[in-house]
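Thanks for coming, everyone. Please have the viewer open. Let's walk through this one together.

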Amino acid sequence: MSSAALCFRSARAYTRNSTKQSILLARTFASTARRHEINKVFPSASEALKDMKPNSTLLCGGFGLCGVPDTLIDEVLTKKDITGITAVSNNAGTDESGLGKLLKTKQISKMIASYIGENKTFEKMYLTGEVELELTPQGTLAERCASGGKGIPAFYTPAAFGTVVQTGELPLRNNADGTPKEYSYPKDVKVFDGKQYLLEESIKGDYAFVKAWKADKLGNCQFRLAANNFNGAMGRNAKMTIVEAEEIVEPGGIAPEAVHLPGIYVKRVIQSLTAKNIEKFTFATDPNDPSAKAALGSGDTAAKRERIVRRAAKEFKNGMYANLGIGMPMLAPSFVGPEVEVQLQSENGILGLGPYPVKGKEDADLINAGKETVTLKPGAAVFGSEESFGMIRSGRVDLTILGAMQVSGSGDLANWMLPGKVKGFGGAMDLVSNPSKTKVVVTMEHTDKKGNAKILKQCAFPLTGKACVSMIITELGVFEVDFATGLTLTEIADGVTVDEIKSKTEAPFKVADDLKPMLGIPSTPNYQSHFILLAGLNCIIIIRQNTHNPSKHHPSTMSTTPAFPLFPTLPTELRLKIYTHILHLPSATPRILKISPFAPTTFSNTPPPITLSICAEARALTLASYSYLELGTQASAPGSKGGGPLVPVDWETQTLYISNLTPLCK
């Protein structure tokens, strides 16, 4: 008798008895403990990939080296018959890690990515025609993966309108000599609510490799911190999603509300065996360390860049949400006073970005969009890349500060490609896609290394966005951009003339009737000037200190401060002595801090010390001079000793007023 016939015969016998019917149904629907156990855990990566076929589309989670499924990638490396892979990933790791290893073995024939970055192998293979590359804006890539997993074949996005992505002029494959061999196709454009959007097709994957922090036997997954990135969107997409987890737990080992990727999407789970890697170790620096300002360069270059960054910091307003580009923009928060609170968003899935970690406290699952190690501020949130770019495109981010290679007089931006070099779009095209809601500020040096103008009538390099830049800040001055009428010079740096700026700017511009000094407004407003003369190294240094006087706030009534451009080159010891002298100047008004132990609110009758706003070095010294009083019962920042908010207090110069009965008043 066949097995099928035997099953039917047994079922018929069971149906004659009601008790046996319930047993049959229980076993049939696997609704009790008597069912066969669901277990998606495979003993090894080799077993999980034993039926993987060549010429497949592979979605691979990760951002930089964070959240990358290296155990699965390394297993594909051993299966030389798996070739012709179309790999979909934000980037391809480095020359020695991640998908970069599969590029070296030429198992990948095509990449769909947003960024090449520092992967020299990837860049060379693309420029010489060894691999096809479909460059895609980072937010568009995340949405193409997310939509593909939701059964949505295509969608419209504002990102990349007016660029080579839309016009179909992006080389997909090059000849060996670097000339284009095959181009992308033009995208359909439609207008919604008066704005132009281009059509993007979703991506459908055969396989998805996902890195999780925890996974259970049912396939439910939890991601840790910024390792969520592309893993969630890609895990929901493919026909065969394979998860490598740092920890495999029993069902129930992940709280229901902590499941980021439900098991319905996951087919197989393996134990992750590969150590986590960090691409760029970046640490908080001691202000006494000369390397503290290394990011700004040295000599005249450092002085120029610091001037740019200090001015950019004045664009932060209290309560803003801001996104900062790689390089100079990331340094701007160091020049923001404590009276301004800004929430920094990072497109790899962080809201509430904190400072760089202390050495030894770095976390491979916590990096920013520049792949640098970072920390989180109290109250931070983490999420997937598709949600991050939803925030960006919808205009939830108030301000973005980006670097640029060129900007046109009408606000066009070019910052992703130089002749013979391709780094990729990253998230820039998405960040500039909604300029009516997100203010786009460009920080850059006024000319390139050869002295050529970077503010042009029209950009010569491929565009990142059209008519998107609202403000340009260089070491020479500040331009406001009107998309219809062009540039207006509104601020000028000390010692610079309008004629000099004209000689270094190709695009025509108007000069504001009330042209202001570029750094003539103090970082902390509403202060009256007086000067302190300090002697050191046979020179007189003039430094500006401030006291409260609201009537002097308007810039037209303020005198400019004599400049001392060599100040950054003074010995560190002398600079610190100058900051200390300013910090301990006698005040006519004793400073009183009013604090309630039942509400994390502090008021002061005098403004905070000006040394908090001079530069990162002065700020660090000032903060180090305080003691910290802990009040309340709220959860404190990671690394603090107790559970309440920390209040800086200088016991020698300040009076502490604590009241739980009377309301605090300014």
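One definition before we start: two strands pair if DSSP finds at least two bridges between them. Helices (H or I, at least four residues) and strands (E, at least two) are DSSP runs, numbered from the N terminus.

Now the ground rules. This is a predicted model, where local features need pLDDT of at least 70 and side-chain atom pairs count only at pLDDT 80 or more, while totals for chains, interfaces and linings use all residues. Residues are numbered from 1 along each chain as its sequence is written, and side-chain values use heavy atoms, with hydrogens and water left out.

Strand β19 (residues 406-408) runs parallel to β24, and two bridges join them. Look at Val407: opposite this residue, in β24, stands Ile455.

Next, the overall picture. The protein has 15 helices and 35 strands. Of its 666 residues, 49% are buried. Buried means under 20% relative accessible area, exposed means over 50%, and partly exposed lies in between (1.4 Å probe, protein chains only). Contact means heavy atoms within 4.5 Å. Take contacts between residues at least 6 apart in sequence: 67% of them join residues at least 24 apart.

Zoom in on one pair. Strands β26 (residues 477-482) and β27 (residues 486-492) run antiparallel, joined by six bridges. Phe479 has Leu489, in β27, as its bridge partner.

On to the cores. A nonpolar core is a set of buried Ala, Val, Leu, Ile, Met, Phe, Trp, Tyr and Cys residues joined through side-chain atoms within 4.5 Å. In soluble globular proteins, nonpolar side chains tend to be buried together. The largest core here has 86 residues. Phe316, Leu413, Val469 and Ile472 have the most contacts inside it. Helix α14 (residues 572-583) gives the most to this core: six residues. The core also draws at least three residues from each of domain 1 (57-271) and domain 2 (291-517). Those domain bounds come from an automatic or database domain assignment. A second, separate core has 41 residues, including Ala45, Leu72, Val76 and Leu133.

Back to α14 for a check. The expected span of a helix is 1.5 Å times one less than its number of residues. With twelve residues, α14 should span 16 Å, and its end C-alpha atoms are 16 Å apart, which agrees. Its buried residues include Leu574, Leu576, Ile578 and Tyr579.

Now some loops. Gly205 is in the loop between β9 (195-201) and β10 (207-216). Is Gly205 buried or exposed? Gly205 is buried, at a relative accessible area of 4%. Beyond neighbours within four places in sequence, Gly205 contacts Thr57, Leu59, Asn237, Ala238 and Lys239.

Asn434 sits in the loop between α12 (428-431) and β23 (439-443). Asn434 counts as buried, at 7% relative accessibility. Its contacts, again leaving aside neighbours within four places, are Lys195, Arg393, Ser394 and Gly395.

Last, backbone angles. Most residues other than glycine have a negative phi. Two residues here have positive values. Asn55 has a phi near 60 degrees, and Ala160 has one near 80 degrees. Asn55 lies in the loop between α3 (45-48) and β1 (57-60), and Ala160 in the loop between β5 (154-157) and α8 (164-167). Asn55 is exposed, at 61% relative accessible area, whereas Ala160 is buried, at 3%. Ala160 and Tyr197 are 37 residues apart in sequence, yet 8.7 Å apart in space, C-alpha to C-alpha. Tyr197 lies in strand β9.

That's the tour. Over to you.
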